[in-house]
Amino acid sequence: MTPTRREFLWTMGATALALQQAQEVFWTAEGAEDPGWAPGIETRRRSACLICPARCGIQGRMVDGRLVRITGNPLHPMSQGGVCPRGLAGVQMLYHPERLASPLVRVGARGAGEWQPVSHDGAVALLVERLQDLRAAGRPEALAVVAGYCAGTMRDLWRRFLEAYGSPNYVPDEYEDGTDAIMALMHGVQRRPSYDMEQADLVLSLGAPLFESWWSPLQAFVAYARPDGHEEDRPRFIQVDARFSRTAARAQEWLGVQPGTHAVLALGIAYVLLRDELFDARFVSQHVSGFEDSVDQRGRVREGYRSLVMRHYRTEEVSAVTGVPVERITQLARTLARSRAPIVVCGSDVTAAPHGLLAGMAVHSLNVLLGSINRPGGVLIGDDAPLGALAALELDATGRAGLERNPVGGAPPPFGAGDPPLRFAEAIAAGSSPEVEALLLYYADPLASSTHPEAWRAALAKVPFVVSFSPFLDETTRHADLVLPDLLPYERWQDAPTPTSYPHPVWGIARPLVEPHTGGMHTGDAVLAVGRGLGGSIAQSLPYDSFELLLKERARGIFAARHGMTLGDEFERRHHRQMEERGWWLPEHGDFEAFWEELVERGGWTDLFYDHTDPSRTAQTSSGRIDLMPDALLRAIDAEGGDRTPYIDVAAEATIAEDQFPLRLMPYRVSTLASGTLAFERWLVEQPGLFPEVHWAPWVEVAPATAAAMGLADGTMVWVTSRRGRYRARLKIFPGTAAENVCAPYRLQSPEGESANPLQVLEPSSDSLTGLSNWYSTFIRLERA
Amino acid sequence: MTRWGMVIDLDRCTGCAACEVACKSENNIPTVSPEQAEMGRTIAWMKVTAHVEGEFPHTAMHFYPRPCMHCDNPPCIKVCPVEATYISDEGVVGQIYPRCIGCRYCANACPYLVKYFNWYGPEWAESERQHLNPDVSVRSKGVIEKCTFCHHRLQHAREDARAEGRELREDDYQPACAEICPTGAIVFGDLDDPTHRVAELKEDPRVMRLMEDLGTQPKVYYLRARG
Amino acid sequence: MREDVKAKLDGLPPDERVLLRPLVETSRGFYVVAAILVAVTLWGVFAYYLQVRHGLGRTGLNRPGYWGIYIICFVFFIGISHAGTLISAILRVSKAEWRRAITRSAELITVLVIGFGAIQPIIDLGRPDRVLNVLFHAQLRSPLLWDVISIGLYFTACTIYLYVPMIPDLAIIRDSGIKAPRLYRFLAIGYRGTPVQRWRLERTIGVLSIVVIPIAVSVHTVIGWIFAMTLRPMWHSTIFGPYFVMGAIYSGIAAILIAMVILRKAYGLEGYFKDIHFDYLGRMLLVFSVLWFYFTFAEYLTAFYGGEPGEMRTFWAKLTGPFAIPFWLMVAGCFVIPLTLMARPSTRTPRGTLIASIAVVIGMWLERYNIVVPTSVNPRWEVESIGHYLPSWIEFSIMSATFSGFVLLYMVATKFVPIVSIWEIKEGREAVQEVAERVARYSSSTGF
Ligand SMILES: Nc1nc2c(c(=O)[nH]1)N[C@H]1C(S)=C(S)[C@@H](COP(=O)(O)OP(=O)(O)OC[C@H]3O[C@@H](n4cnc5c(=O)[nH]c(N)nc54)[C@H](O)[C@@H]3O)O[C@H]1N2
Ligand SMILES: Nc1nc2c(c(=O)[nH]1)N[C@H]1C(S)=C(S)[C@@H](COP(=O)(O)OP(=O)(O)OC[C@H]3O[C@@H](n4cnc5c(=O)[nH]c(N)nc54)[C@H](O)[C@@H]3O)O[C@H]1N2
Ligand code: SF4
Ligand code: SF4
Ligand code: SF4
Ligand code: SF4
Ligand code: SF4
Ligand SMILES: [Mo]
């Protein structure tokens, strides 16, 4: 029988459907076999990584204008072509799906997440309007800027903008490791120490996780083993740490110490050096004061460094406190004495302690005893790049008046900056005048990262106008009123000076590798635009059409300085250094334009010549000597009741754990995730640590015996509970953890999004001298979640 | 005869995992959801694993960056029913994704656990597709993938060398991991070419290979960490 | 049943009457069971659809747990398939008289189960759409390809071996005219039982029963080799070939026994599946339980003595580790239970053998599990092995579907062919005389 037309059509339809299904089911993703682009136009351009303070040199590989790969810039003297995982995963930050598509104005309630997209001009206009009103009301000081690490022209620009506007409230949220205070007191220098690791033959790190989250992991890597494979000049690394960190693992030698006793060990070493006359007596006699006992004006005998150490740090006692065997202490001292160029690095974890400053000085005193100051392979006092100054500051009456007012958060601690954002937030929360009417957040996400988010929550509630420049809706940005998304590093111009830890000035240049995202606006340009909008003296103080041009202006200073070189390969670097040692310098560029062009093309400028003969690079104190017993310090101590003595009160007093809180919490930074920003790099969060089976979620490291005693198996979810609060994490058994400690990596969100920041269960306490909060004497308990 | 190979100096390796991420970026390796990761379905052609010995404070830890060993006698290729994994005449063990039927036999045959399976199709947010490397195909669901010694780079290098009418130089062809390693722990080259560094390094007294006793003859050598 | 058919059936001789009844008479129970099985099967098909659509991610497989349920079932079913052919062939060749009643049911199991076994690895593929690459890009070094070949051969051989001895019965049905005349005329290919035809038939069967034996042996040897040819701990072992063949026959016998018990009940075949059959097969079960122990013991002892770390991780994982439960259940199912039951004549009854057989079948499935999973999750590179495998509901669904699908087809088959070979039974009855002589010959004291 022949099918009717309807039947026929129906069958065809059915067949077609079936085929289509089969097609879909069986050949799914076939299309994805290759990304499906024609061989595109490929370009490579040098730039700098802006993800962490190290500011390594990078190179972008662009295909059809898309950034597909980040590699290293071999011309960069510090990173020498190396890049760390964070830098490599940058492409995932750049192309992150959650990136904001335009500026946003809050319409709903704060934090309700209801936004109204606006144009950049619109956003800038809004900002200008608010700031104009503030000034009109004569309250310029009511504007505040909280900014994360942005050393270089971005920081200078913010500062200049605030000055011109008339506000003293620039609040840096930056790496504070207390070394600035140490240098100021002992060397009379307003600069953090530089470490000439590459020429050292021994690097003794007391708690600084050099390979993980230090000023510049890449500087440490290159010193540890030069990428070009030379074996000869590899220094010996010795790591002293309270936990078996990755740095400890790869150091040629490592010592585990009781938490908070690094400085005691240091002075134990000093004791041996003194006892056996192993220290550099010549250097000490020529360049050091406060070493021997002295008699002050009122005839009181003041004990000097030597007596103090000799009296209090007999190796047996030190061994008892630190848990390091006597012979290892002695052996360590001998090794140091024997070395040609030893360096002792003081980690921020030494200074983030109740007696942090004194502890840090004790550690640094080893460099002094060994004469490792201002000599090749020692601790140096470097220079910044000779940048051109900003245009002259113009001040009107309002501005002048505003600058008179004291900054929110009151006076900083005697030495060092402490934790400015926290002081700031607490002052506002406490309702101290002057009130803050407008708060700008740049590279700062305090709600996520502060040790006291509650203080910040209270503070934000009191500030009527909060602006964030974050390209992402991070925790704090969600509570902003206006979001003016910045461009991401690979889209913008920015200078990238290497941190002071690197002995030579390197002025790296980050420049756009791809077309800027239409939704974003370079915060630098935004600031300039706002300046123009505000007009008058402010506009006059910021006479730059764009941030790029501002950078170019600053480069003129370098061009005029007539030393150093645009980045070059190893041969060029050596050649240049040798020339400058002989006092020669040949201009390589006819005019500034050519110089600028090459500087940008090569990724920056550097000067590898360091003048060891300059005495000001040893000490700039009034006496011209390194002061082991700085008067300023003694006065400050007296001022606060004088209950502590340098080189004696250096250990975190042994806070005793009690029953409910038997374990010590040791927060640390996973090298792959050292900054909140990196949560946006999925390759990193998927595999954050050493543990192959840990993904995305936070974990805590516990000693096998401890876990067994608590009957907790590897991988169980646990509550980490301190007196102050608790959070959830996965328990990982790690034999590198001391039985009485729990190591807690930070910078991880639990997939459920709940905050899991160990810093937020820390018990508040800090060193009154530096204001650095004390990270390592919080005790906790673990229980199954 | 060219035999591409790698020498990894464990004495230089700091376990920073730059090689791992460089590889992911170079070779379009997708991430998986937390749940999938928990199940053990992450992909990492280069994986840095840590061996910890002893207990605090007498602990020691070594890192083993582990790519495909590109065995000279690869157990994985023998078992593939469709020759979707093969060894080239220059010793590179490759995969033919469009041919692989996804039986995972090769994965079971590989003692080094370096073969990864696409349990689902790769997931890239539209914006993320922009950073995909056009030289490397994105693998579809249901196929096996692994380290290729960045073979696509060799092809490019060859073309360039030919274009410039010269021999291929040692540094013309370097895989992403070797190129990025900040401490130069990964050295890559032709094991049979005495002028290449690998040829000399593989004679180093510290040299060893993983599970050598299995007779797989890996072309990835390791230099033991010094004491 | 239609009247005319009834009449025809009653008109037939006793054997025919009993053995052909199921072809024309179907109980309600049959339909109920069939309906359930159909449902389960369809559910499994749906599960597979989901798996293909979304990817193998829907299973519980992972790295290093690359293989799971599907591969287990593959080995298991192909094992069962050794029921018929091999056994009936061996019995035929050795002229064991008591075989006559059981060969048909056994061979039927074989043919049906091979199919279900063979699709398992395809279900396990990440890219089933490319399964034909196995032909287009065949790579003969791969044990998987050896399997494709030997299973292909085995399937063809078994189908023929099932069909040829069936021809006379098909002729009988044709002549009885009780069912689908056209169909059976076609199937019976004009067999009339003339001496010549009879002689040809016997010859062919003779030859076939010799041919299938090596093929059957090869099949399961090669499956064992899939594992043995890798360097994995406790896979890389020479014993695997014979071990797998033995295990296959073992599970095969158990499968027949279960089938026989059920058929006996369902179709009232007490007159054909006599206690003696269960007794004899029970004895074989006994022998194999001991063999099984011997092989298993040999395998583990060798691994243990080598003491190679990789091997030992898997070894202990099985004996005392996470796989202890399946392991000792397996020992109980494959050794303890059948041994204790089959050793005593009083329990070599239909019920006894049924219990023992069920134990064996479960035990053998667990053995496959204990071979596939523990080794997979304990790779030589232990440093980052995930080391766990929990099958997903998808996998369980597909497994149940395979079982139900098989039973369903078997049931349906019993509606088309007599489950006991009529003509062989008859031949048996006629041959009594000749058999007696034969027996007398090799038992008489006076040799020639
Ligand atoms: N890669 C990377 N590096 C960075 C940053 C980044 O984002 N990424 N950020 C920079 C910034 S802002 C900062 S503040 C720094 C932070 O850098 P660090 O101050 O080094 O911070 P952590 O990584 O937490 O290092 C703390 C170390 O102290 C050790 N420790 C733990 N408990 C104790 C104790 O009781 N006593 C002593 N003495 N030590 C202890 C831990 O083992 C850990 O290694 O990193 C800077 N460097
Ligand atoms: N959990 C946790 N808390 C911490 C720390 C930690 O490591 N982990 N470290 C502590 C220390 S030492 C410090 S210094 C602080 C640092 O902590 P924060 O000051 O909060 O700095 P980040 O979290 O690194 O980055 C802040 C925000 O900057 C935004 N951002 C990213 N890229 C860009 C960009 O290109 N432009 C702009 N304008 N914004 C961008 C991101 O939204 C990110 O959330 O946190 C402290 N608290
Ligand atoms: S160390 Fe810091 S700056 Fe250098 S590459 Fe890594 S993230 Fe970028
Ligand atoms: S990049 Fe180099 S140093 Fe870092 S983990 Fe890989 S091999 Fe080791
Ligand atoms: S390492 Fe594994 S995958 Fe690579 S060649 Fe050897 S066996 Fe094959
Ligand atoms: S998974 Fe692919 S490559 Fe591996 S054996 Fe099977 S077909 Fe060959
Ligand atoms: S060689 Fe290429 S593919 Fe292999 S691990 Fe290194 S980067 Fe990845
Ligand atoms: Mo910081």
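**Reading surface, fold and ligand shells**

A: Begin with one residue: Leu140(C) is exposed, with a relative accessible area of 57%. Keep in mind that this is a predicted model.

Q: Where in chain C is Leu140(C) found?

A: Leu140(C) sits in the loop between H7 and H8 of chain C.

Q: How do I judge whether chain B is as compact as a globular protein of its length?

A: Compare the radius of gyration with the value that the globule rule gives for the number of residues. Chain B contains seven helices and ten strands. For its 227 residues the rule gives 17 Å, and the radius of gyration is 18 Å, which is close, so chain B is as compact as a globular protein of that length. Its C-alpha trace spans about 55 × 45 × 35 Å along the principal axes. Of the 227 residues in chain B, 69% are buried.

Q: What does the comparison give for chain A, with 785 residues?

A: A compact globule of 785 residues would have a radius of gyration near 28 Å, and chain A agrees, because its value is 28 Å. In chain A there are 27 helices and 30 strands. Along the principal axes, the C-alpha atoms of chain A fill a box of roughly 120 × 70 × 60 Å. Buried residues account for 61% of chain A.

Q: How many residues surround ligand 4, and which are the closest?

A: To read a ligand shell, list the residues, then sort them by type. Ligand 4 is surrounded by 13 residues, and the closest are Cys13(B), Cys16(B), Ala17(B), Cys19(B) and Cys181(B). By type, the shell around ligand 4 has ten nonpolar residues, three polar and no charged.

Q: Which residues come nearest to ligand 5?

A: Cys68(B), Met69(B), Cys71(B), Cys76(B) and Cys110(B) come nearest, out of the 13 residues around ligand 5. The shell of ligand 5 divides into ten nonpolar residues, one polar and two charged.

How values were computed
Residues are numbered from 1 along each chain as its sequence is written. Chains are lettered from A and ligands numbered from 1 in the order in which they are written. This is a predicted model: local features need pLDDT of at least 70, side-chain atom pairs count only at pLDDT 80 or more; totals for chains, interfaces and linings use all residues. Side-chain values use heavy atoms; hydrogens and water are left out. A residue is near a molecule or strand if one of its heavy atoms lies within 4 Å of it. Ala, Val, Leu, Ile, Met, Phe, Trp, Tyr, Cys and Pro count as nonpolar, Asp, Glu, Lys and Arg as charged, and the others, Gly among them, as polar. Helices (H or I, at least four residues) and strands (E, at least two) are DSSP runs, numbered from the N terminus. Buried means under 20% relative accessible area, exposed over 50%, partly exposed in between (1.4 Å probe, protein chains only). The radius of gyration is taken over C-alpha atoms; the globule rule is 2.2 Å times the number of residues to the power 0.38.
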